[in-house]
Each structure stands twice: as structure tokens, then as C-alpha cells.
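Dear colleague,

Here is the structure I said I would pass on. My notes on it follow below the model.

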Amino acid sequence: MKRIVLLQHGESVWWREHRFVGWTDVDLTEAGHSAAAAAGARLRAGGYEFDAAYTSLLKRSIRSLWIVLDALDQMWVPVHRNWRLNEQHYGALQGRTDDDVAAEFGAESVALWRHGYDARPPALSTGDPRWPGHDRRYRSIWRKELPLTESLQDTVARVVPYWEHVVAPEVSSGRRVLLVAHGNSIRALIMYLDRLSPEQVLRVRIPVGVPIAYELGASLAGERRCLVGGDGREEPWDPLT
């Protein structure tokens, strides 16, 4: 049986302020630091060891991974960072509060952009300083791949190929993998692992700062899912409840 542990980073500064974050590189709050440390303590209590770790190019995810590996005394584990694990890009909404966006577009639009599957928020222009093409961490990426906005469907379309071509071969070989990312990039991966429909994935809420241990079958489909408890014990978890 193959295994992978998934973890959503802790609270970020803009998350606390109810702002659309997306690809904006904001840091963790003190509570976010504590959540990552607690996640590391859970994994340590459960005796987890890892051979490789994967994360996004955003510091809230990277820092959470650092904190977890430090708590495990496994900071030597190779870390692979990739933009395809970034959070969903919220286009021109990034930096704006939910209340501000609701006042302009309506609360229903906010709910659709936050929790819908194929609805894209208003797009940036390539001249907007928030477009990733102006950030040197993305200079090696083909410009047409850098989003101006994204739906969850778009996020799935970039996460799944990275899983199939990069992470899945590692898991298939028996290597123990930790993947620390964001709410929607993890939802995208869970949609693929559990073969969920677009309607089902909208019901998935990823716990913040709580490790999710997946056991995968021969085809790398999800067969058993557990949350790692405070004492390191695994507690069955259903992503649809």
C-alpha cells in the first residue's frame, strides 16, 4: 500500500483579514506558525518519516513545511517547490476583502468565486503588477501558462499533471511523501485521488493545519483516508462529510 501525507498551511495574514489571497505571497500569522508546529508534533507522535517533500512557491506553504520538518527533526529531507501547487489565482480580486467585493459584485458572486467549480473571478491584465509574469520566481515558466485568473477547474488542470508526472512516480516507488500546499490545490488533488465529480469536490473542506494521511491502491486511487490526531493516532476521515 502506497501512502502520502497532505497538509494545508496554517492561517495567513490576509486569511485572517478575509482577503482574497491567491498567489499573493503573504506570510503566516502567529496562529499559522502554531498550527504548523502542532501538525509537526502530531506527525512526530505518530512516528512518521519522509523521504521527500513537495510544496508551492508561496512562503506561507514553504514556511509551514519548514516548521513541520523541524518539529520532525527531518530538515534534511529533499524539498521540491513548484508553482503548480500554488493556491487558486483570484485574479483582480487579490488583496480585496470579501466585504469590499460583495459591495461591488454581490454576496452570491463572492460565494461563487470562493466555492464554485468553474467560475473565474475578474481577470488581471498582463500590465497589472499582481500578474505573476512580473515576479522573477516565475521567469522560467512559459508566459501563457501564468494565469490572469483561475477557477477551481483551472487549478485542477495544473495540479493533476504535476501529480501524475512528478509526485506519483515517487509515491509508486514506495518513497514516503509529505505534500504541504493550499486549500484549493489540495482539494484539486483530492478530487483526482478520490475520483470526485465537480459537484462532490465543492463539498470538500480541507482541515487547516491537520495532516491527512492517504493510503493509495494499485492505481494510486484513494482507499483509506485518516486525520493524524494530537496523539499521533490516525482517525478515519471522509472528505465529503
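A residue is called buried here when its relative accessible area is under 20%, and exposed when that area is over 50%. On that basis, 54% of the 241 residues of the protein chain count as buried. Please keep in mind throughout that this is a predicted model.

Overall fold

The protein chain has 8 helices and 7 strands. Its C-alpha atoms fill a box of roughly 50 × 35 × 35 Å along the principal axes. The radius of gyration is 17 Å; a compact globule of 241 residues would come out near 18 Å, so the two agree. Of the contacts between residues at least 6 apart in sequence, 73% join residues at least 24 apart.

In soluble globular proteins, nonpolar side chains tend to be buried together. In this model, the largest nonpolar core has 36 residues, and Ile-4, Leu-6, Trp-163 and Tyr-214 have the most contacts inside it. Two or more residues each come from β1 (2-8), β2 (52-55), α6 (152-172), β4 (177-181), α7 (183-193) and β5 (212-216). The element that gives the most is α6, with 9 residues.

What does Tyr-214 touch, leaving out residues up to four places away in sequence? Its partners include Ile-4 and Leu-6, both also listed among the core residues with the most contacts. Lys-2 and Arg-3 are touched as well, as are Ile-190, Leu-193 and Asp-194. Gly-222, Arg-224, Arg-225, Trp-237 and Pro-239 complete the list for Tyr-214.

Another core, of 16 residues, lies apart from this one; Leu-43, Tyr-48, Val-68 and Val-77 are among its members.

Pockets

The largest pocket has a volume of about 540 Å³. Its lining is made of 22 residues, and those nearest its centre are Gln-8, Trp-15, Glu-87, Tyr-90 and Arg-114. At least two lining residues come from each of α1 (13-16), α5 (107-115) and α7.

Individual residues

Ser-64 lies in helix α3 and counts as buried because its relative accessibility is 1%. Ser-64 and Ala-36 are 28 residues apart in sequence, yet their C-alpha atoms are 5.3 Å apart in space. Ala-36 is also a contact of Ser-64, along with His-9, Gly-10, Leu-28, Lys-59 and Val-180, when neighbours within four places in sequence are left aside.

Asp-51 sits in the loop between α2 (30-45) and β2. Is Asp-51 buried or exposed? At 18% relative accessibility, it counts as buried. Beyond four places in sequence, Asp-51 touches Val-77, Pro-78, Gly-174, Arg-175 and Arg-176; Val-77 is one of the members of the 16-residue core.

Pro-121 is in the loop between α5 and α6, and its relative accessibility of 3% means that it is buried too. Its contacts, again without residues up to four places away, are Tyr-90, Leu-93, Trp-113, Thr-149 and Glu-150. Tyr-90 is also one of the residues nearest the centre of the largest pocket. From Pro-121 to Gly-95 the separation is 26 residues in sequence and 13 Å in space, C-alpha to C-alpha.

Positive phi

- Asp-73 has a positive phi of about 55 degrees. It is in the loop between α3 (59-71) and β3 (79-81) and is exposed, with a relative accessible area of 58%.
- Leu-220 has a positive phi of about 65 degrees. It is in the loop between β5 and β6 (222-228) and, at 9% relative accessibility, counts as buried.

Regards

Definitions and conventions:
Residues are numbered from 1 along each chain as its sequence is written. This is a predicted model: local features need pLDDT of at least 70, side-chain atom pairs count only at pLDDT 80 or more; totals for chains, interfaces and linings use all residues. Side-chain values use heavy atoms; hydrogens and water are left out. A nonpolar core is a set of buried Ala, Val, Leu, Ile, Met, Phe, Trp, Tyr and Cys residues joined through side-chain atoms within 4.5 Å. Buried means under 20% relative accessible area, exposed over 50%, partly exposed in between (1.4 Å probe, protein chains only). Helices (H or I, at least four residues) and strands (E, at least two) are DSSP runs, numbered from the N terminus. Contact means heavy atoms within 4.5 Å. On a 1 Å grid over the protein atoms alone, a cavity is a set of points where a 1.4 Å probe fits but cannot get out, and a pocket is an open set with protein on both sides within 12 Å along at least five of seven lines; lining residues have an atom within 4 Å of a point. Grid points are joined across faces, edges and corners, and a volume is the space filled by probe spheres set on the points. The radius of gyration is taken over C-alpha atoms; the globule rule is 2.2 Å times the number of residues to the power 0.38.
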